[in-house]
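Subject: Structure for you to look at, with notes

Dear colleague,

Please find the structure below, followed by my notes on what I found in it. I would be glad if you read them with the coordinates open beside you.

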Amino acid sequence: MRAPAGLRRLLPLLAVLALLGAANAAVLRAVGVTTDMAGFLPPPRSEASAFLLRELRTGAATTLLLVGIEGAPVPELARLSRALGEALRASGRFAFVGNGTEGIAEAEQELLFRHRYLLSPAVTPALFETPALRARLEALLDGLRGAASPLLARIGFADPVGAFVELLRAWTAGSTVALRAGVWFADPPPSGTGERALLIARTAATGLDTEAQREAVAALRAAFAAAEPAPGARLLVSGPGVFAAEAAAAIRADLAMISALSAALLAAFLLWRFRTPLMLLLAAVPLAAGVLAGATAVAAAFGEIHGAALGFGMTMLGVTADYPILLVTQRRPGESLAETARRVWPTLRLASLAAAAGLTAMVLSDVPGLAQLGLFAALGLPTSALVTRLLLPRLVPPAAGIEARALPPPLARALLALPRRRGVAWALLAGAALYLVAIGGPPAEDDLAALSPVPAAQRALDGELRRQLGAPDVGVLVALAAPTAEAALQGAERIGEALAPLVARGALGGLDLPSRYLPSERTQRARQAALPDAATLRARLAAAAAGLPFRPTAFDRFLADVEASRTLPPLTRADLAGGEAGSLLAARLAPLLAPLPDGRGWQALAVPNDLREPEALRAALAALRLPGLLVVEAKAETQALVDAATRQALLWCGVGAAIVLGLLAAGLGGPAAALRTAAPLAGAVLLTLAGLALLGERFALFHLVSLLLLAGVGMDYALFVARSAGEPVEERARALGSVVHCTLTTLLTFGLLAFCATPVLRAIGLTVAIGTACAAALAATLVPAARAPS
Amino acid sequence: MPRRRSCCAALILAALARAARAEAPLEALMRAFAAIRASRAAFVEEKEMPELDRPLLSRGTLSWQAPDRLEKRTTAPIEEVLRVEGDLLTLERPLQGTRQVLSLDRSPEIRPLVEAIRATLAGDLAALRRHYAVAFEGDPAGRWTLVLTPLSGRVLAAVQRVALTGRGAAILGVESQHGGGFTRMRIEPAR
């Protein structure tokens with residue numbers, strides 16, 4: 001009969017928990033959770049950063065999938081690559097799939113061949129003069145003697161000037177992959193893993209469509225499995241779509257592992273210390289209530305929640321798991337929980353308001369992620385405190401003798417004796433400060449990639465595949481905005497001309513331009529104008545062929561095609577839309593020439609490859625004086641954005657700290673008391689920064705967010721220990737016991753994240769682990785001297 | 001109907017036997033080729049094209065190294081080295097300083113010409129049959145003719161027929177018909 005009765009007494013608590021859980025799930029389901037990293041970047045302030053943000057979110061690069069296949073002999077890898085290529089092309093999910101086997105379709109070849117004298121860069125007036133024709137005819141004859149004659153005979157007579165061959169050569173120039181067994185291979189093969197077949201695919205869906213990206217990656221993996229790879233053959237996939245999926249999977253795996261471990265350890269710890277499972281349930285109530293309040297407020301204000309804001313927000317609300325523990329451990333013998341709640345309320349209220357105030361300032365930030373975080377904390381923390389004060393005492397069954405074991409006497413004695421060692425603490429703090437000054441402040445993370453939750457190994461693979469595929473390192477991008485596609489293409493041609501001398505002298509490895517695939521109408525018309533009329537060409541050709549064994553009719557098709565080309569309408573982007581005929585050309589053009597959002601015209605991209613002299617590039621482009629031309633150094637520009645985001649966060653933290661000090665001064669009766677209470681907290685932050693720097697961590701936004709959690713936690717410790725100063729020794733021991741219990745709980749939850757592989761989670765874990773330990777120790781050591789017993 | 005069944009069986013057996021007889025000399029020839037690990041020869045090639053009013057002549061050497069390396073070195077009037085090894089085809093023009101490497105899979109117009117000679121030299125009937133319908137006439141030990149008709153429509157558009165003639169395990173001539181033109185190669189095995 002005891003168990004059911006016990007359960008019945010727990011019913012209100014369980015019901016409240018179930019209700020909160022269901023409400024949280026409902027809110028999160030109803031509101032979209034976004035995962036766009038740009039949400040944690042400030043709004044663009046320059047044309048360059050606006051361009052970069054747009055490219056980061058919707059640019060062609062976001063639809064790219066880079067694929068490697070390794071772990072088998074070359075023929076098997078080639079077979080797999082071919083099977084994969086066919087399956088992907090057949091799936092309809094991809095705008096372009098390249099692995100070396102993509103032949104140009106018959107219809108497209110025909111289209112290109114028909115337009116060869118308009119599209120080919122070889123076409124100049126001189127090409128159709130007798131001397132050039134003579135040289136070409138001799139070369140043709142020479143070629144016909146050789147082994148490639150069947151191939152040459154097919155197009156050589158229709159195009160003796162080689163315009164078509166030159167057109168195809170211009171398309172494939174700059175390719176860095178090696179062709180083995182008919183497909184692309186990494187050249188040289190990556191060390192250690194043997195040969196690697198390469199494939200590149202561009203999804204038909206945009207990068208913003210994360211679901212379609214996920215499906216495309218799934219289709220890729222399924223196609224690989226369906227090709228029945230030999231044992232040992234591995235598929236390596238990279239690209240933004242994969243990043244999103246893998247990052248989510250990595251975080252999920254990390255969290256599943258850590259939360260299972262942490263739940264087990266925490267349950268064991270609380271069970272040991274409080275001798276009842278009740279404590280675990282109690283600890284969850286204020287946290288769940290705080291998350292619900294915070295998430296609802298953010299959803300109402302912003303219409304969506306950023307995934308990272310939610311994650312960080314819950315991390316920061318982690319401090320509220322301490323509230324029930326503080327409540328229970330502060331209870332004096334014979335006191336009811338409601339009485340305790342009433343007694344500690346001023347301190348708890350001050351602690352939670354101060355923690356919330358420190359974060360609330362961020363609401364004013366124009367970085368959406370930070371603003372959401374601020375709002376989340378501003379509502380979540382006080383809600384948790386209120387729930388602890390008002391609801392929690394009612395949920396605990398009156399007869400439940402929930403009470404913490406006293407600290408082991410030696411530990412209690414050691415903790416009580418800590419204030420006598422404050423000299424050591426000050427020395428340590430001075431040392432940390434000196435160290436930080438000596439290394440020039442905490443080292444800042446200067447890589448935007450590190451802000452993304454993608455594991456470092458995946459990022460390294462991405463860099464490697466990119467290098468092997470010759471996908472350009474997007475260090476510098478040249479963008480050109482123009483009112484029409486034609487104007488954008490003309491601009492691209494001028495960029496190409498301006499940079500040609502740099503390519504020639506090796507200052508620039510190569511340049512990808514939309515005009516390389518589709519010349520502007522102006523250029524096509526200029527080439528038309530270079531074509532001689534039929535009679536002239538026939539006479540010149542006859543003169544050029546004198547003495548050579550060509551029959552008079554051999555070049556009839558050439559003559560007819562040149563004549564037809566003189567009046568052919570230029571090929572435009574509109575001609576490529578729809579239909580199979582222009583699909584490869586359109587696929588190559590799409591990433592380089594695209595309409596700007598909101599019908600603001602067109603954008604052409606010039607992508608330099610292996611740029612050795614950025615200054616020369618800038619100078620050559622500046623001399624063009626093209627309106628709408630933008631040279632963007634991606635790295636510097638993103639760095640500026642990240643710096644701005646971090647500066648903003650720091651600024652709002654500073655404002656928050658000032659508000660906190662003001663609140664403390666008001667609550668504790670004077671600025672001196674406020675500073676004394678805040679000292680352990682400031683010291684903990686200092687020691688944490690020094691500790692992280694010693695561990696080689698580079699400071700990023702996550703560390704800052706974790707410091708905010710630390711600040712909230714440390715505030716409780718300092719306030720509760722300071723509150724007990726001057727009280728009888730049992731009261732002081734009780735306060736220290738509270739802090740020790742809270743510290744260990746925090747370490748067992750957030751501290752365990754330090755063992756995660758995901759950079760974000762590890763950063764939070766490390767910061768919190770170092771920070772809470774320091775905050776607790778400093779709170780116990782730097783108890784305000786004025787009220788400490790002599 | 002036991003009689004009809006036995007009758008059918010006899011017919012099938014007879015057909016099989018005929019097939020086996022037709023196959024046997026070709027297989028014998030292929031075995032003879034497979035036994036030769038390396039060989040060298042001189043060649044003279046004559047190309048006729050409808051666009052040209054006289055044939056183009058060229059000469060050079062051929063060398064074969066089992067299992068899959070074939071080199072055709074043209075020495076006059078142009079210099080050119082065509083080397084096939086495995087799936088890779090290398091075409092070098094030393095005077096122009098050009099060197100092209102391509103995969104045979106990507107060159108449907110060239111591959112059958114390569115395999116017609118290479119697979120025969122290797123004695124690889126299976127490879128030959130992957131690309132051609134094979135018709136054999138003559139005596140594997142004496143004079144023989146092998147007529148190869150491309151199987152794929154795309155190849156057939158470029159090369160309609162390849163005929164090899166030879167004596168014993170030596171190819172003496174290759175004649176191919178493509179478009180409106182002919183290529184005839186006379187081969188003189190080196191002793």
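Chain B contains four helices and 11 strands, where helices (H or I, at least four residues) and strands (E, at least two) are DSSP runs numbered from the N terminus. This is a predicted model, in which local features need pLDDT of at least 70 and side-chain atom pairs count only at pLDDT 80 or more, whereas totals for chains, interfaces and linings use all residues. Residues are numbered from 1 along each chain as its sequence is written, chains are lettered from A and ligands numbered from 1 in the order in which they are written, and side-chain values use heavy atoms, with hydrogens and water left out.

To stay with chain B for a moment, 41% of its 191 residues count as buried, the term buried standing for under 20% relative accessible area, exposed for over 50% and partly exposed for what lies in between (1.4 Å probe, protein chains only). If one takes the contacts in chain B with a separation of 6 or more, 37% of them are made by residues 24 or more positions apart, a contact being heavy atoms within 4.5 Å.

Strand β2 (residues 56-65) of chain B runs antiparallel to strand β3 (residues 69-76) of chain B, and seven bridges join them; strands are said to pair if DSSP finds at least two bridges between them. Within this pairing B:G60 stands opposite B:T74 of β3(B), and the passage from β2(B) to β3(B) is a hairpin through three residues. On the next step, β3(B) is joined by six bridges to strand β4 (residues 80-85) of chain B, again in an antiparallel arrangement, with B:R69 having B:E85 in β4(B) as its bridge partner. A hairpin through three residues also connects β3(B) to β4(B).

Turning to salt bridges (a side-chain nitrogen of Lys or Arg within 4 Å of a carboxyl oxygen of Asp or Glu), a search of the whole structure finds 33 of them over all chains. In one of these, B:K72 meets B:E45, with the closest N and O atoms 3.2 Å apart. That pair links distant parts of the chain, since B:K72 belongs to strand β3 of chain B and B:E45 to strand β1 (residues 38-48) of chain B, 27 residues apart. Both B:K72 and B:E45 are buried.

B:R184 counts as partly exposed because its relative accessibility is 30%, and B:E48 counts as partly exposed because its relative accessibility is 31%. Elsewhere in chain B, salt bridges that share partners join B:R69, B:E71, B:R73, B:R83, B:E85 and B:E92 into one network.

In chain A, the side chains of A:R169 and A:E166 form a salt bridge (3.5 Å, N to O), and both residues lie in helix α8 (residues 163-172) of chain A, three residues apart, which is about one turn of the helix. A:R169 is partly exposed, at 48% relative accessibility, and A:E166 is partly exposed as well, at 27%.

Finally, the interface. In it, 24 residues of chain A are in contact with 25 residues of chain B. The area buried between chain A and chain B (the accessible area, 1.4 Å probe, that two parts lose on being put together, summed over both) is about 2,300 Å², and carbon and sulfur atoms give 58% of it. The count of salt bridges between the two chains is one, and in it the side chains of A:D142 and B:R93 meet (3.2 Å, N to O). On the side of chain A that touches chain B, the elements giving two or more residues are α6 (130-145) and α7 (149-156) of chain A, and α6(A) supplies the largest share, five residues.

With best regards
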